[in-house]
Amino acid sequence: MATFLLRRLGLMILTLWILSLIVFFAGQILPGDPARATLGPFAAPSAVKALDAQLGVNRPLLTRYLSWIGGLLHGNLGTSYEYRSAVEPFVRAALINSIKLALLAFVIVVPLAIIGGVIAALYAGRAADRVISVAGLALSTVPEFVSGVVLIVIFGVELKVLPVTASAGANASDFQQFRHLILPAIPLVLVLFGYIARMARAGTIEALNSDYTRTAILKGLPRWTAIRRHVLRNSLLPTITVIATQTGYLIGGLVVVETLFNYQGLGNLIFQAAVHKDFAMLEAGVLIIGAVYVLATLIADLLLTWLNPRLRLGGAE
Amino acid sequence: MSGLLQPPVEPSGALPAEPAGSAGSLGMTTGYLGATAATAVAAASRAKPTATVWRLLLRRTAFWVGAGIVLFWIVCAIFGHAFAPYSPLTQQLLFTNAAPSSAHWFGTDGLGRDVLSRVITGSRDILIITPLATILGTILGTILGLAMGYFGGVFDLIAGRIVEAFLALPIVIIAFLFIVALGPSTGTLIIVIGLVFTPLIARTVRAAAQVERQQDYVAASRLFGEGPVRVMFSEILPNVVPAILVEFTVRLGYAIFAVATLSFLGFGITPPTPDWGADIYANYIGLLSGYWWQTLFPALAIASLVIAVILIADSIEQVLAS
């Protein structure tokens with residue numbers, strides 16, 4: 001058990017380190033001079049040089065990587081080239097906004113998708129299953145801005161029942177802000193539904209075909225009791241993993257939804273940073289998303305170990 | 001797929017059983033060891049000749065519907081400029097933001113361009129980019145996945161970590177990071193999306209190849225003195241082709257998702273070339289003024305294309321796994 005956890009932790013740190021390499025070097029190959037981008041095409045070359053020195057972008061690559069990673073370990077995410085102030089407050093505010101939106105999407109999608117997946121599994125191969133499975137898969141490939149546009153047209157423009165921007169304004173009440181987040185959350189729900197439902201379906205089918213379920217049925221348990229006590233308990237375990245790993249997508253894949261609905265979240269922050277070539281902001285934002293993903297995966301692993309005695313008691317691994 | 005078909009769970013902390021179709025899309029993934037269903041497809045379809053697969057496929061309504069829609073858009077992509085009612089680039093500045101009418105079935109956009117004509121001709125670039133990108137990703141992913149599954153050990157561990165690190169980021173974000181660096185062009189889009197898909201496809205192929213490696217025929221051919229490359233490509237590859245085929249069609253759907261999204265964000269196909277994603281970006285502000293036709297019709301076009309591809313992918317998976 002302890003070695004299992006240590007191993008997972010070690011792998012997590014390794015993944016994060018590789019991620020930091022990818023993010024840093026992807027940021028470095030971006031063309032253009034940050035100081036030039038900040039100061040504009042008419043700035044004097046000496047001013048550009050001075051700002052380059054101030055931002056530290058004229059140092060050798062390895063030095064910059066080491067100082068960047070050193071800063072990260074001390075909780076310093078870097079200095080924005082565009083705003084020339086610390087990146088951290090921007091990232092923090094954006095992260096909080098994104099978490100609100102993501103949380104709402106999760107609260108809607110998780111129960112829906114689990115119910116959908118379990119129904120599909122119980123009627124595997126029949127009409128209900130085909131409809132849920134194919135619709136789920138199809139919806140998960142429809143880009144969020146496509147479903148978002150359709151939703152805006154229906155609920156915002158034609159029926160006029162929901163606001164079409166995600167921000168309710170600075171001094172809006174919590175309820176107003178909540179109303180503004182409903183429409184942006186639905187495209188995320190549609191994309192996520194297919195994944196989680198598919199996982200719940202696969203897990204349930206596997207549990208239905210297992211020896212312990214057959215035993216439960218053969219010993220005369222009513223069908224629903226067998227399903228509740230034996231099937232669901234086991235089938236929903238893998239679903240936890242898929243739900244956790246979707247967090248990374250949710251926080252990051254918000255780029256489109258946040259742009260369409262004009263919401264100041266992490267996705268929008270990264271998008272704007274990429275457009276303005278604000279590398280420090282871009283690197284910090286992307287790394288946060290990666291960290292959230294890796295952390296969510298770890299939490300899922302811990303949760304599974306805790307819920308599954310076979311793993312907890314050291315049977316596996 | 002039936003649970004009975006699923007091979008034993010791999011001995012590791014991660015969990016098994018991710019349906020082939022769902023194996024991670026835009027950065028969404030389960031643990032790195034997934035795609036059990038792909039191996040189920042591989043195992044079930046080994047004995048099935050191509051003619052049988054086609055016969056079963058043609059019996060499915062979903063396949064016909066999907067193929068019909070895709071064919072329609074291919075015709076539009078090739079001949080669209082000939083039969084579109086107007087030129088997609090001609091601006092009628094006295095006739096902007098016009099609602100759908102008999103002259104302009106889908107209305108006109110903010111520059112007075114005919115929306116129907118732009119929707120018809122907008123299929124071209126996306127239908128060139130997505131298949132090429134998916135083919136590139138499938139080839140690279142197959143090579144990487146076969147090697148990881150076959151060699152295992154340290155190579156698998158290191159490659160697996162790199163794959164995992166890439167999977168931690170949403171595909172759209174990796175893609176636009178590189179597109180900002182390289183500048184948007186058709187070639188860049190194909191290469192970037194192909195490279196981003198490589199680890200996803202590698203993961204599926206690896207899982208399938210690991211199952212195959214346990215089979216007697218692999219041990220036999222090794223005893224026969226065949227080298228690793230030969231065993232991987234002449235012995236294992238033919239048996240994982242069905243799994244790769246399913247992965248390819250599903251991935252094609254996600255490639256459309258990715259290209260449309262990148263175009264929407266301004267990192268894909270650039271105006272004034274007609275393109276569904278870019279047209280939605282150019283006009284979505286108009287939604288607030290009630291000009292719904294400028295964005296709704298391109299949106300429905302994207303939705304119809306991805307759903308059609310998914311219907312085909314699902315039919316193939318059903319047939320191969322049955």
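In helix 11 of chain B, the residues B:Trp276, B:Gly277, B:Asp279, B:Ile280 and B:Asn283 meet B:Gln294, B:Thr295, B:Pro298, B:Ala299, B:Ala301 and B:Ile302 of helix 12 of chain B. Contact here requires C-beta atoms, placed from the backbone, within 7 Å; helices are DSSP runs (H or I, at least four residues), numbered from the N terminus. By class, this contact has six nonpolar, four polar and one charged residues; Ala, Val, Leu, Ile, Met, Phe, Trp, Tyr, Cys and Pro count as nonpolar, Asp, Glu, Lys and Arg as charged, and the others, Gly among them, as polar.

This is a predicted model, in which local features need pLDDT of at least 70 and side-chain atom pairs count only at pLDDT 80 or more, while totals for chains, interfaces and linings use all residues. Residues are numbered from 1 along each chain as its sequence is written, and chains are lettered from A and ligands numbered from 1 in the order in which they are written.

How is helix 11 of chain B placed within the structure? Eight of its eight residues, 276-283, are buried, so the helix is largely enclosed by the rest of the structure. Buried denotes 20 or more other C-beta atoms within 10 Å of a residue's own, exposed 12 or fewer, and partly exposed in between. The buried residues pack against helix 7 (144-158) of chain A, and against helices 4 (115-121), 5 (123-151), 10 (228-264) and 12 (293-321) of chain B.

I turn to chain A. A:Asn262 lies in the loop between helix 11 (254-260) and helix 12 (266-275) of chain A. A:Asn262 has a positive phi of about 55° although it is not a glycine.

Key. Helix = DSSP H or I, 4+ residues; strand = E, 2+ residues; numbered from the N terminus. Contact = placed C-beta atoms within 7 Å.
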